[in-house]
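Subject: Handover of a structure

Dear colleague,

Please find below the structure that I am handing over to you. I would be grateful if you would look through it before reading my notes.

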Amino acid sequence: MAYNDSELGAAFRFGEILNVISQIGWIDYIIWYIVIGLIAAVIAFIAGLLNSIPIIGTLIALLIIYPYIQLFFNRALALRYAYE
């Protein structure tokens, strides 16, 4: 969708999406998801520990940790597509 001038229909062109994943390689793509998932799980675990601190920990987790996880994942995904 980002490469097609934000055209919503581009997000549903499954044939093109599967071709891109095939160019990257299915095994590499699956390994990438596993590694990113593990990293996000560790960061989420740390955020869960912070949530045990009544107010400050929850604020830190909601305002810093969770957005960081999203930014990390989206940046990693964009770089995955950009270099293939």
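This is a predicted model: local features need pLDDT of at least 70, side-chain atom pairs count only at pLDDT 80 or more; totals for chains, interfaces and linings use all residues.

Overall form

The chain contains 3 helices and 0 strands, and its pattern along the sequence is α-α-α. Its radius of gyration is 17 Å, whereas the globule rule gives 12 Å for 84 residues; the chain is therefore more spread out than a compact globule. Along the principal axes, the C-alpha atoms fill a box of roughly 50 × 30 × 20 Å. Of the 84 residues, 20% count as buried. The accessible surface of the chain is about 6,300 Å², and carbon and sulfur atoms account for 73% of that surface. Among contacts between residues at least 6 apart in sequence, 52% join residues at least 24 apart.

Helix 2

Helix 2 has 25 residues, and at 1.5 Å a residue these should span 36 Å. The C-alpha atoms at its ends are 36 Å apart, which agrees with that expectation. Several residues of helix 2 are buried, namely Tyr29, Trp32, Ile36, Ala40, Ile43 and Ala47. The cover over these buried residues includes helix 1 and helix 3.

The nonpolar patch

Helix 1 (14-24) and helix 2 (26-50) each supply at least two of the patch residues, with the largest share, 4 residues, coming from helix 2. Is Leu38 buried or exposed? Leu38 has a relative accessible area of 54%, and because a value over 50% counts as exposed, Leu38 is exposed.

A loop residue

Asn51 is located in the loop between helix 2 and helix 3. Its relative accessibility is 30%, so Asn51 counts as partly exposed. Leaving aside residues up to four places away in sequence, Asn51 touches Gly57, Thr58, Ala61 and Tyr66. Asn51 and Arg80, by comparison, are 29 residues apart in sequence, and their C-alpha atoms are 32 Å apart in space.

Yours sincerely,
A colleague

Methods: Residues are numbered from 1 along each chain as its sequence is written. Side-chain values use heavy atoms; hydrogens and water are left out. Buried means under 20% relative accessible area, exposed over 50%, partly exposed in between (1.4 Å probe, protein chains only). The expected span of a helix is 1.5 Å times one less than its number of residues. Contact means heavy atoms within 4.5 Å. The radius of gyration is taken over C-alpha atoms; the globule rule is 2.2 Å times the number of residues to the power 0.38. Accessible areas come from the Shrake-Rupley method with a 1.4 Å probe; for residues, only the protein chains shown count as cover.
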